[in-house]
Amino acid sequence: QEQLVESGGGLVQAGGSLRLSCAASGVTFSMYAMGWFRQAPGKEREYVAGISWNSATTYVADSVEGRFTISRDNAKNSVFLQMNSLKVEDTAVYYCARDRVYYRLAVAGADFGSWGQGTQVTVSS
């Protein structure tokens, strides 16, 4: 059974940092692009960041440009989201997801599926 398990969320003050992790199992992780999404109360789910299967291509949303960095370690079947200079508006449930297509490089337009369960990030003022 494929599983994507997020961890690393929590409560932080504005200006602080968190590092989210997503551990994958039951899938050939290195074949797929991976992404991070978030959903805040009353808001649409937002595509935050994506990374190609070989880390050659990345995408970050304008709302997190310069503050968040996506990375992956295929040997550990893991993808990470380093979140710096956190703002109150970053408060959301964060999800990782796997692309549906093998070896995609155009991660800005990826078609993600196989979602994780989410991890809560709360930023206080």
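Predicted model: local features only at pLDDT ≥ 70, side-chain atom pairs only at ≥ 80, totals over all residues.
Close-up 1. Arg 38, by contrast, comes out at 6% relative accessibility and counts as buried, since the cut-off for buried is under 20%. The two form a salt bridge, and their closest N and O atoms sit 2.8 Å apart.

**Close-up 2. Asp 90 meets Arg 38.** Here the side chains of Asp 90 and Arg 38 make a salt bridge at 2.9 Å, N to O. Asp 90 belongs to the loop between strand 8 and strand 9, while Arg 38 is in strand 4 (residues 32–39), so this contact ties together parts that are 52 residues apart in sequence. Both residues are buried. Salt bridges with shared partners link Arg 38, Glu 46, Arg 67 and Asp 90 into one network.

**Close-up 3. The salt bridge of Asp 99 and Arg 104.** These two side chains pair up at 2.6 Å, N to O. Asp 99 is buried, and Arg 104 is too. The structure holds six salt bridges.

**Close-up 4. The disulfide of Cys 22 and Cys 96.** A search of the whole structure turns up one disulfide. Its sulfur atoms, from Cys 22 and Cys 96, are 1.9 Å apart. Cys 22 is in strand 3 (residues 18–25) and Cys 96 in strand 9 (residues 92–102), so the pair ties together parts that are 74 residues apart in sequence. The link is right-handed, with 45 degrees about the S-S bond, and both cysteines are buried.

**Close-up 5. The hairpin of strand 7 and strand 8.** Six bridges join these antiparallel strands, with Ser 71 opposite Phe 80. Four residues lie between the strands, and Asn 77 in the turn has a positive phi of about 50 degrees.

Conventions
Residues numbered from 1 in each chain as written. Heavy atoms only, no water. Disulfide = S-S within 2.5 Å. Helix = DSSP H or I, 4+ residues; strand = E, 2+ residues; numbered from the N terminus. Buried < 20%, exposed > 50% of the residue type's maximum accessible area, 1.4 Å probe, protein only. Pairing = 2+ DSSP bridges. Salt bridge = Lys/Arg side-chain N within 4 Å of Asp/Glu carboxyl O.
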